[in-house]
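User: Could you take me through the charged pairs in this structure, and then through a helix packing?

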Amino acid sequence: MIVENLIRENIKLLKPYSSAREEFKNSASNLVYLDANENPFDTGLNRYPDPQQNLVKAALAKIKNVSIEQLLLGNGSDEVLDLIFRVFCEPKVDTVIALPPTYGMYEVLANTNDVGLTKISLLDNYQPNVDEILKAQNSQTKLLFLCSPNNPTANSFNAGKIETLIREFNGIVVIDEAYIDFSSQESWIGRLNEFPNLIVIQTLSKAYGLAGIRLGACYSSTKIISVLNKIKPPYNVNQLTQQTALKALQNSIKTNNEIAIIISERNKLKTELEEISFIV
Ligand SMILES: *Cc1c(COP(=O)(O)O)cnc(C)c1O
C-alpha cells in the first residue's frame with residue numbers, strides 16, 4: 001500500500017500557514033518579535049508558544065525512543081484524531097471503521113467531518129472480528145480505529161489480530177493507546193518502522209493525570225507526521241500546557257508510582273467484585 005495515495009488531494013497541494021514563530025529557537029527567547037505583534041510587557045505569557053513544541057517533543061521522543069519527526073502533539077488526542085480525519089477522509093466520499101463498544105469520539109468525529117462510519121462489533125470476548133473487518137473494507141475505507149486497551153471494555157486486543165489487521169487493511173490503522181500505561185502489553189510505537197500505515201495515539205490525560213491541560217500525541221512515520229503537521233493550527237498547544245507537560249515528563253518517578261498505585265487498586269477492586277455473586 002502506498003500511503004501517499006490515501007492522502008486527500010487538497011491536502012497534498014496545501015501550502016501551510018507560516019507563523020511568525022515557525023523559526024522558533026529557544027536560544028532566541030530573549031528577543032522581541034515585532035513581526036508577531038506580541039505585547040512587549042512581560043506577563044510570562046505575552047509570547048506566542050513554540051508552534052513545534054520542541055522541548056516537549058524532545059522529552060517525549062526520548063521516553064518513547066522515537067525521533068522528533070515521528071511525533072505530533074495536539075490539543076488533546078481528540079484534536080489529533082480530527083487532524084487524521086482531515087488528512088485522509090474526503091467528506092461524503094470516504095469511510096472509516098470502528099469497533100463498538102468503543103470510544104465515542106471516533107463516531108462524533110466521523111459525523112462532524114461528514115465521513116461514513118462502518119461499525120463492526122467486537123466479538124463476545126471483546127476481540128476484533130478480523131474477518132468481518134477485512135470484508136467490510138473497500139477502496140473508500142481510509143481509517144480503522146483500534147482502541148487497545150479498549151474503552152469501555154478495558155481489555156487489550158490480541159497482538160496477532162492487530163498485526164493481521166495492520167498488514168491486511170488497505171488504509172491507515174489508528175491504534176488508540178490512551179490506557180497503554182496501565183497495560184502489560186507493549187506499545188505499538190516500538191513497531192512503527194515496520195508498518196507505514198500505522199498511527200499510534202497516546203495522551204497525558206490518563207496515566208499522567210493531566211486531562212486538564214489537553215495534550216495528546218500521535219506517533220507515526222515521518223511522512224504521515226509531516227502531513228499532519230502541515231494542517232495543524234499553528235499554535236495548537238498553548239504555553240501553559242507545554243510548561244506543565246515538560247515538568248511532568250521530567251518527573252517519571254512520580255508518574256510511575258501513581259500508575260503502580262492505580263494498578264494495585266484496580267486489582268483490589270477486581271478481586272472484591274469477583275466476590276459478589278450477582279456480578280459476572
Ligand atoms: C480518555 C481517552 C482519550 C483521551 O482523549 P484526550 O483528548 O487526549 O483527553 C483518547 N482515547 C480514549 C479511548 C480515551 O478513553
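**Salt bridges and a helix pair**

Analyst: K223 is partly exposed, with 38% relative accessible area. Please note that the model is a predicted one.

User: Which residue meets K223 in a salt bridge?

Analyst: The partner is E4; the two side chains meet with an N to O distance of 2.7 Å. The pair links distant parts of the chain, 219 residues apart: E4 belongs to the segment before α1 (9–13), and K223 to helix α7 (residues 222–231).

User: And E4, what is its relative accessibility?

Analyst: E4 has a relative accessibility of 32%, so it counts as partly exposed.

User: How many salt bridges does a search of the whole structure find?

Analyst: The search finds 16 salt bridges.

User: Let us take another one. What does K119 pair with?

Analyst: K119 forms a salt bridge with E107, and their closest N and O atoms are 3.2 Å apart. Because K119 lies in strand β3 (residues 116–119) and E107 in helix α4 (residues 105–112), the pair ties together parts that are 12 residues apart in sequence.

User: How accessible are those two, K119 and E107?

Analyst: K119 has a relative accessible area of 47% and is partly exposed. E107 also counts as partly exposed, at 33% relative accessibility.

User: Which salt bridges share partners and form a network?

Analyst: I will begin with one pair. R191 forms a salt bridge with E163, the closest N and O atoms lying 3.0 Å apart. R191 sits in the loop between β5 (172–176) and β6 (198–203), while E163 is in helix α6 (residues 159–168), so this pair ties together parts 28 residues apart in sequence. R191 is partly exposed, its relative accessible area being 26%. Through salt bridges that share partners, E163, R167, R191 and E194 are joined into one network.

User: Changing topic: at what angle do the axes of α3 and α4 cross?

Analyst: The axes of helix α3 (residues 77–88) and α4 cross at roughly 45° and come within 10 Å. That angle makes α3 oblique to α4.

User: Is the crossing of α3 and α4 left-handed or right-handed?

Analyst: The crossing is right-handed.

User: Which residues meet there, in α3 and in α4?

Analyst: From α3, the residues are D78, L81, D82 and F85; in α4 they meet M105, Y106, L109 and A110. Sorted by class, this contact has 6 nonpolar and 2 charged residues, with no polar ones.

Conventions:
Residues numbered from 1 in each chain as written. Predicted model: local features only at pLDDT ≥ 70, side-chain atom pairs only at ≥ 80, totals over all residues. Heavy atoms only, no water. Salt bridge = Lys/Arg side-chain N within 4 Å of Asp/Glu carboxyl O. Helix = DSSP H or I, 4+ residues; strand = E, 2+ residues; numbered from the N terminus. Buried < 20%, exposed > 50% of the residue type's maximum accessible area, 1.4 Å probe, protein only. Axes fitted to C-alpha atoms, helices over the stretch in contact; angles between N-to-C directions. Parallel < 35°, antiparallel > 145°, perpendicular 65-115°, else oblique. Left-handed = near helix turned anticlockwise from the far one by under 90°. Contact = heavy atoms within 4.5 Å. Nonpolar A, V, L, I, M, F, W, Y, C, P; charged D, E, K, R; others polar.
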